Amino acid sequence: MKRLLPLLACLPALAAPVSVIDDQGSRVTLAAPAQRVISLAPHVTELAFAAGGGARLIAVDDNSDYPEAAKALPKAGSFRAIDLERIVAAKPDLLLVWLHGPSARQLEPLRQLGIPLFYSQPKRFADIPSNLRRIGQLLGSSTQAEQAARRFEQDLAALRQQQQGKSKLSVFYQVWDKPLYTLNGQHIVSDAIALCGGINIFARLPVTAPVVTDEAVIAANPQVILSAAMRHNDDLLKRWQRMPGIAAVQNRQLHQVNGDLLNRPTPRMIAGTRQLCAKLDLARR
């Protein structure tokens, strides 16, 4: 028996079942860590790579453009419509999904086929390391996921410390201009605004991504207007130049931030939040 022990130690361990609760409150159980994974949202693709499971991805949605390796993966659809036939033909053992937009209705047939779905919807900063850890469990990369989660938590704690005691500023966060979209207090971006000492003027609206009017912004009179852009675009802020009654316009506090960094709930939100904080510091000065 003693002679067998070293031999047994060299044998690969049998894959154990994994089970987590997703952000919808549903239990996701796999007989073994997933090997063929399809991600159907850009932020979940980023989370999978950050959690060390990028090599398990066999397809992603059309808008998954980070990290660079995600761009080379086959595409399985978009926010508007997913390619059901391609997904079924790929025989995935796990789908990473975000239940918003027209494509969300197409997920039910995939669920009925028995394909496990993990729903990701981080609404607070604390949900990002939680997602990393759970995705790491599902993809068999818990060690890397834990490292990424702890790094995020440490960076977030340091950023909170830096921002303590700063004066409050009212903020209008513009996601898009036609129509004029913003985000309410239930979206994770409001966590970033609050961390930087900002007050989201539309935090109390019931819809997560509401359309608002120019008149509503004028009435709220924000001290800072922030435009989230995927690339620099001065046109997104031009509309406000015609409304000099707003404090942000009077004091020239119209700023752009990187929408990819800030709107996607991934570890890169730290960089986006630092950028947001820097814009509010400009307003304070």
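Both phenylalanine 172 and tryptophan 240 are buried, where buried denotes under 20% relative accessible area, with a 1.4 Å probe and protein chains only. The model is a predicted one, in which local features need pLDDT of at least 70 and side-chain atom pairs count only at pLDDT 80 or more, whereas totals for chains, interfaces and linings use all residues. Residues are numbered from 1 along each chain as its sequence is written, and side-chain values use heavy atoms, hydrogens and water being left out.

Three aromatic pairs are found in a search of the whole structure, a pair being rings of Phe, Tyr or Trp (its six-membered ring) with centres within 6.5 Å, classed as stacked when the planes are under 30 degrees apart, as edge-to-face when over 60, and otherwise as tilted. One of them joins phenylalanine 172 to phenylalanine 202 in an edge-to-face arrangement, at 5.7 Å centre to centre and 85 degrees between the planes. Phenylalanine 172 belongs to strand β7 (residues 169-174) and phenylalanine 202 to the loop between β10 (198-200) and α9 (214-220), 30 residues apart, strands being DSSP runs of E of at least two residues and helices runs of H or I of at least four, numbered from the N terminus. Phenylalanine 202, like phenylalanine 172, is buried. The rings of phenylalanine 172 and tryptophan 240 have centres 5.7 Å apart and planes at 80 degrees, and the pair is therefore edge-to-face. Because tryptophan 240 lies in the loop between α10 (235-238) and α11 (247-250) while phenylalanine 172 lies in strand β7, this pair ties together parts 68 residues apart in sequence.

Definitions and conventions. Buried < 20%, exposed > 50% of the residue type's maximum accessible area, 1.4 Å probe, protein only.
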